[in-house]
Amino acid sequence: MKIDENTKRINLYFQFCILFIGFAMILSACKKHDDLAFTQYVNPMIGTGGHGHVFVGASVPHGMVQLGPNNMTKGWDWCSGYHDNDSTIIGFAHTHLSGTGIADLGDISFLPVNYSVNLADIDYSTTFSKTNEKVRPGYYSVLLDRSQIKVELTATQRVGFQRYVYPSGSEIKVIVDLLEAPKSLEAREGILESNITVLNDSMIAGYRYSNEWAKEHKVYFASKFSESFRNIRIEDSNIIQDTISVTGKNLKALIDFDSLGKNELLVKTGISYVSIDNALTNLNTEVAHWDFNQVRNSADHVWNEALSAIDFHSSDEDVMTMFYTALYHTKISPSLFSDVNGEYMGADGLVRKAEGYIPHSVFSLWDTYRAVHPLYTLIEKNNSDYVNSLLTIAEEQERLPIWHLVGYETDCMVGVHSIPVIVDAVMKQLPGIDSDRAYNLVRKFIESNDRGLDFVRNQEFIPADKEEWSVAKALEYAIDDYAIATLATTLNKQEDAKLFYQRSKYYRHYFDESIGFMRGKLTDGSWRKNFNPFHSIHLEDDYVEGNAWQYTWLVPHDVEGLIGLFGTEDAFLQKFDSLFLVSSELNEGASVDITGMIGQYAHGNEPSHHTLYLYPYAGKQWKTAEKVHQVYQQFYKNEPDGLIGNEDCGQMSAWYVFSSLGFYPVNPVDGIYVFGSPIVERCTLNLNNGKQFKIRVDNLSLNNKYIQSVKLNSKIYEKTYITHETIMNGGELVFTMTDQPCENFGLKKESRPYSKLNQTLELTN
């Protein structure tokens, strides 16, 4: 049969249509894949088991709201309110900490129920099955066993959005609980005062004041329900007027609704640290509609955008999951601390309005100065907000922040590590930071007298018989002094530079060359008796959460000086090797934070995180590669018990992010990243200056953990480190890996990392 030209044209037209539709479907699928490309690799359950203390629930990057479940159990492993081995839920609260070693927040809790409850006790709690729980960035859902109610959570920056789906024909009730919250220290007072005010037939508001880790912590809320109340009972009182406001110490409310035809109830809650009015404004501004799915999709998009800062590729799905989960963990805190109108509660207790920056809080600085904040200087566009927050806090409370929590200084841990964070940002020329303002504030460190600093100023060492944690404090203070000296040098303040540089060398007072350890020194200059480098007593020792084996290496700012204390490089290396070979046994009463042991190296706690990267300073880069690879294999897993210690607001994860790329900031202030053992196959860092830095790893395998050679922008690169400036200029770094140690890589002195200030300051020590 002969086909005429019209028929041919029609056939070609239909073929074109089919191809066009197919192409459109492919584009649509690709778009859908792109929307999931990064968030699909996040497993928020990693770190919820063991001692990870990681937050589980719905949030957006650095959001004020972290909406998630609180278990019934209280205690150290429930600092975030949730632990993987627990199957109880007492409510869904709007604020949480992630990975900390002390509990707080867990404020403003809701629980949907369809059974009789007694508000005077907690008989309304429920169990749940892990198989009925789903969590991904920006979204959480669970089916409650007792009620068979499905709970879904999502969030914007300042608003928590909940969707409850009740079984057909069941009663519709919601408990609002201002009493229950995570608690780890029974000595703390807990709830101080709370309030619930009925605004109208579908809205409530109020506040919760508490004294836990953050003293006089105040959070305000305003909630809208998608249906009108039938009845509301507060503290066993029937409240029927719409203007009633009840204040007390143990407030809980039970709200009844008429049966819903579709059995679905929505709740939107805005929070504020300033006022109820601001909480309501936050709510109306950020979620003016009732489309839960729209907010959920928006949260996923925002997370995907945040995670796209590093386009990371590995053929190992577990590595992909570990990496993007780690990156996700670094973006939970610091958390937003101001309302949509710019108001925030100052560290001096006054309501203020921010200008030129966005205030944040939750700064776990003893942990995060090591790698989290250096990571931000590469990829976070809001990093100047974090640094300006620290500067403003310092002005408001008239001293530098140490561990700042939702407007309050906890003074937790040792050192004053807002200093290296601030100095690092200035040295890396982050936009929007006033270097003179920064210097004037960190310079006041010299005037500090508390926490052993009076001894530092007057006699150069902290006596172990006068101050607890004397060695730990002194070593961390030396790091802070080095940071100030670095900034003083840059700003041509030579007298200050000399003073702080000399103070940064005071770590030498604690080194006993006869035994090769940092140890406590008494007022008369003698060593503390009965020394045992393995010994550690939590909160009652010369070291905090560690022992002499771990703290002897805490000189990241002057590794050459540390090596010199041992006399020779060989002597240093012999002692350093033994760190990983000695027994991992610890005495009874040792800190539970000393975990992740390789010999006496303790990866589960932050003072050790730079330690593996000291080998290149002595020309043995291959040994760092070996040990870093061992840590990957032993201490990071794609499972709930996948972190070996407290997440600590992202630090445990930031170590993994940096290390997997092939380098780590031993001393952030120097802007030098020391090479380790990359496990990425290829990646692109989308830098916060708009440029891209690419990394490719050739010949990578499980056995090929050693760096054979490196190229930077197609040229042979013999150094065992790379600078911040080089990365920020953009380009490509190529590692070639092998299964045998390359002992010549980094052996030459000129190829090794170094402490910059030692080479730029000609000062008399």
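In what order do the 3 strands of the open sheet lie, and is their pairing parallel or antiparallel? In this predicted model, the order is β29-β30-β35, and the pairing is antiparallel. The edges of the sheet are formed by β29, spanning 663-664, and β35, spanning 721-723, each of which pairs on one side only. Strand β30 comprises residues 672-675 and is joined to β29 by 2 bridges, the two strands running antiparallel. At the level of residues, Tyr664 has Val674 of β30 as its bridge partner.

Confidence along the chain was examined next. The mean pLDDT of the chain is 93, with 93% of its residues reaching 70 or more. Residues 16-35 have a pLDDT below 50, and this stretch makes 4 contacts in the model beyond near neighbours in sequence.

Attention then turned to Asp177, which is located in strand β9 (residues 172-177). Asp177 is buried yet has no salt bridge. The nearest side chain of opposite charge belongs to Lys252, at a distance of 4.3 Å; the salt-bridge criterion requires a side-chain nitrogen of Lys or Arg within 4 Å of a carboxyl oxygen of Asp or Glu.

How values were computed. Residues numbered from 1 in each chain as written. Predicted model: local features only at pLDDT ≥ 70, side-chain atom pairs only at ≥ 80, totals over all residues. Heavy atoms only, no water. pLDDT = per-residue confidence, 0-100. Contact = heavy atoms within 4.5 Å. Pairing = 2+ DSSP bridges. Helix = DSSP H or I, 4+ residues; strand = E, 2+ residues; numbered from the N terminus. Buried < 20%, exposed > 50% of the residue type's maximum accessible area, 1.4 Å probe, protein only. Lys, Arg positive; Asp, Glu negative; His and termini not counted.
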